[in-house]
Amino acid sequence: MHINHTIDSQSELAQADRRRRDTLSRAMCITVCALLLVFALKNFITGPISLGFSLLGFAAAKMLAYAAYRQFKKLDFFCYYLVTTGALLCLFLAAHGATDNSGLMWVAVFPSVLYNLLRVKIAACINTLLVFCVVYILFTSNPFYFATYAFYVKIGGTGALLLASAFTFFQARERELNAIAVNHLNHELHHIASTDELTGLANRRDMSLRLEFECKRVKRSNSDFALILCDIDYFKKINDSFGHSEGDKALQAFAKLLTSSFRDTDKVGRWGGEEFLVILPNTNLHEAISLADKVRKSICQASLLPNTPNRLVTMSAGISCSSQSHDMTELLGIADSNLYTAKNSGRNRVSPEA
């Protein structure tokens, strides 16, 4: 479940970023379309008509893209399309000059759009290419340049573009770095909240969430899962005889042995004190009893502490299965009751017995 929590956190961040890009892309598309239509209408009235048709064509391309996005919801494609048509529009305005050579002033707006819709590295590459193209159009003899900008206007326009590019680049990079930092912090917080500090296993909170998930899953899939609630017999004697530090080492060694004894799909966690809970997906009652007894025997043969007699380190376990109940509280109650039965029957045993 710790992994699931981390995935959920990453998914929430990704969804928040998607909502941001969705809002900005829609707003940018609608705003640019409105401006293009206004200036196109103005040029149809006062001329040049050819410029009006050009601006109307860019507006139509963006309106069609917006309609397609509403229909198919392909945000990445929509953003790349807006950036591509926006870059072409910037180059057209810089080269043509538009009405009264005002085209260049709009080019400096483009980086803020670019860095808000695409990832920083991709946006930086496109932005760099755009700057080079604008500089080439403005300061070299080429067939694309039709405007009549004064030299200081070219310098000012290029400077404004560079300034806007640098500012939005660093702003966007900080946003991405902050998102990474937040994701890392969430990962650490989930790890702290879901992990037992002593053993490194899942803690009671995380095991409760996993158990709740399994109870919901078996209701849908009609499959079984089992619980093993186990603890170290006479653990108090270990603490009293060898000290709490040795008791902690015994818990750590016991946790490590439990983890290595079960499948990767099983979930082992510390339930509290010397009690441990094991969740076994797709396992019936008889399989769980057999597996728990096998682990019990391996505990007896293991030397958890070099100076501790093996007879002091044994395990008792209580078993329950989803075939008995789909309620989390009832399953834990059955396992706990069976654990007490094993304890009262002499310890170092599994209840119910095979």
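Is R296 buried or exposed, and what is its relative accessible area? In this predicted model, R296 is buried, with a relative accessible area of 13%.

The side chain of R296 takes part in a salt bridge with D293, and the closest N and O atoms of the two are 2.9 Å apart. Both residues belong to helix α11, which covers residues 285–301, and because they are 3 residues apart there, about one helical turn separates D293 from R296.

## Salt bridges in helix α8 and across the structure

A search of the whole structure finds 16 salt bridges, and one of them joins the side chains of E212 and K216, with a distance of 3.6 Å from N to O. These two residues are 4 residues apart in helix α8, which runs over residues 204–221, so that E212 and K216 are separated by about one helical turn. An α-helix has 3.6 residues a turn, so residues three or four places apart point the same way.

Both partners of this pair are partly exposed: the relative accessible area is 36% for E212 and 45% for K216. Elsewhere in the list of salt bridges, R210, E214 and R217 are linked with one another in a network.

Helix α9 is made of residues 235–242, and its buried residues are F235, I238 and N239.

After α9 comes G243, a residue whose phi is positive, near 100°.

## A buried lysine without a salt bridge

K62 is located in helix α2, which consists of residues 49–72. This lysine is buried and yet has no salt bridge, and the nearest side chain of opposite charge, that of D22, is 15 Å away.

## A nonpolar patch on the surface

On the surface, L35, F39, M105, W106 and V109 form a nonpolar patch, and together these residues have about 450 Å² of accessible area. Two or more residues of the nonpolar patch come from each of the elements α1, which spans residues 2–46, and α4, which spans residues 103–107.

V109, another residue of the patch, has its place in the loop between α4 and α5, the latter being residues 110–117. V109 is partly exposed, and its relative accessible area is 43%.

## Two further buried positions

G97 is found in the loop between α3, residues 75–96, and α4, and at 0% relative accessibility this glycine counts as buried. Although G97 and F146 are 49 residues apart in sequence, their C-alpha atoms are 7.0 Å apart in space. Apart from neighbours within four places in sequence, G97 is in contact with F92, S102, G103, A147 and Y149.

N127 is a residue of helix α6, which comprises residues 120–139, and with a relative accessible area of 4% N127 is likewise buried. When its neighbours within four places in sequence are set aside, N127 is in contact with P111, L114, Y115 and S165.

Methods. Residues numbered from 1 in each chain as written. Predicted model: local features only at pLDDT ≥ 70, side-chain atom pairs only at ≥ 80, totals over all residues. Heavy atoms only, no water. Buried < 20%, exposed > 50% of the residue type's maximum accessible area, 1.4 Å probe, protein only. Lys, Arg positive; Asp, Glu negative; His and termini not counted. Salt bridge = Lys/Arg side-chain N within 4 Å of Asp/Glu carboxyl O. Patch = residues over 30% accessible without salt bridge, like charges linked within 9 Å, V, L, I, M, F, W, Y side chains within 5 Å. Areas by Shrake-Rupley, 256 points an atom, 1.4 Å probe, with all protein chains shown as cover. Contact = heavy atoms within 4.5 Å.
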